[in-house]
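User: I want to learn how to read packing in a protein model. Can you take me through a few features?

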Amino acid sequence: MVDLEKSVVARYEYKDRKFEILVDPNKALDIRRGKNIDIRDVLYYPAIYKDVRKAEVVPREDLQNVFGTTDIFKIAEIIIKRGELQLTTEQRRKMLEERKKQVAEIIARKAINPQTNLPHPPSRILNAMEQVGVNIDPFLDAELQVDKVAKEISKVIPLSFQKVLIELRIPPQFANIYGIIKNLCEIRNEEWLNDGTLLIQVEVLAGVQAELFSRLSSLTKGNFQSKILKKETV
């Protein structure tokens with residue numbers, strides 16, 4: 001049973017009307033994230049309110065007009081997924097930290113320090129984010145916040161987004177790693193030589209280049225050749 005003292009309000013607004021429910025904050029957030037949870041375990045009480053504080057229940061005809069159903073559980077799921085979910089302070093803090101890390105990891109993969117041609121570690125990027133006081137939206141996809149964050153932190157750390165075109169020559173005994181290369185890179189051209197050698201041109205973000213070479217070196221025990229064909233700022 002949902003604890004009343006720990007429950008929060010989920011609200012859905014349609015024109016000038018509000019539809020509110022009391023929910024378990026953690027389970028409601030799990031539903032928002034796509035987890036399969038029985039809505040009955042999320043609701044404190046199976047009712048849709050105009051105003052939870054006043055315990056004013058929405059008339060059935062209003063539910064039918066707005067949601068096309070009077071099924072409380074179906075409506076509650078719509079409210080949780082599409083409406084506003086009031087998070088606890090701890091939930092918001094955790095979501096914010098998680099989103100910050102995601103943004104930092106994306107920048108670490110995509111960008112490099114142009115002074116060293118090496119990627120910045122995520123910890124350095126996080127420190128730069130704190131230093132400039134960049135604002136992160138915990139509800140907005142991390143990928144959509146990268147450009148804004150990169151622009152801000154470039155004030156305190158050198159940052160460059162580059163794509164690198166690399167030619168790889170993989171000996172025939174290691175040609176089975178083709179699938180791994182394909183997962184890490186964008187393949188631009190490939191050729192299988194008569195002896196089974198794989199000659200392949202791949203494009204990667206500069207921040208991924210070191211990871212690619214490390215993986216290839218481990219899988220082939222260093223038996224591969226590489227050549228940088230082109231670098232392009234993006």
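Analyst: Start with a charge over a ring. This is a predicted model, and in it the charged end of R40 sits over the ring of F73. The distance to the ring centre is 4.3 Å.

User: How many aromatic pairs does a search of the whole structure find?

Analyst: Four. Take Y12 and F67. Their ring centres are 5.5 Å apart and their planes stand at 45 degrees, so this pair is tilted; planes over 60 degrees apart would count as edge-to-face.

User: Which parts does the pair of Y12 and F67 tie together?

Analyst: Y12 lies in strand β1 and F67 in helix α2, so the pair joins parts 55 residues apart in sequence.

User: Are Y12 and F67 buried or exposed?

Analyst: Read the relative accessible area; under 20% counts as buried. Y12 is at 17%, so it is buried. F67 is at 14%, so it is buried too.

User: What kind of aromatic pair do F19 and F67 form?

Analyst: Edge-to-face. The centres are 5.0 Å apart, with 80 degrees between the planes. F19 lies in strand β2 and F67 in helix α2, so this pair ties together parts 48 residues apart in sequence. F19 is buried, with a relative accessible area of 1%. Ring pairs link Y12, F19 and F67 into a cluster.

User: How do I read a nonpolar core?

Analyst: Begin with the general idea. In soluble globular proteins, nonpolar side chains tend to be buried together. Here the largest nonpolar core has 24 residues. F19, I21, V23 and I79 have the most contacts inside it. Elements giving two or more residues to this core are β1, β2, α1, α2 and α3. The largest share, four residues, comes from α3.

User: What does I21 touch, leaving out residues up to four places away in sequence?

Analyst: Its contacts include V8, V9, A10, L43, I79 and I80. Another core lies apart from this one, with 19 residues, among them I107, I125, A128 and V149.

User: And how do I read a helix?

Analyst: An α-helix has 3.6 residues a turn, so residues three or four places apart point the same way. Now take α8, residues 206-220. Its 15 residues reach 22 Å from first C-alpha to last, close to the 21 Å expected.

User: Which residues of α8 are buried, and what covers them?

Analyst: The buried ones are A206, G207, V208, Q209, L212, L216 and T220. Their cover includes α4, β6, β7, α7, β9 and β10. After α8 comes K221, with a positive phi near 55 degrees.

Terms used: Residues numbered from 1 in each chain as written. Predicted model: local features only at pLDDT ≥ 70, side-chain atom pairs only at ≥ 80, totals over all residues. Heavy atoms only, no water. Expected span 1.5 Å × (residues − 1). Buried < 20%, exposed > 50% of the residue type's maximum accessible area, 1.4 Å probe, protein only. Contact = heavy atoms within 4.5 Å. Core = buried A, V, L, I, M, F, W, Y, C linked by side-chain atoms within 4.5 Å. Phe/Tyr/Trp six-rings, centres within 6.5 Å; stacked < 30°, edge-to-face > 60°. Lys NZ or Arg CZ within 6 Å of the ring centre and 35° of its normal.
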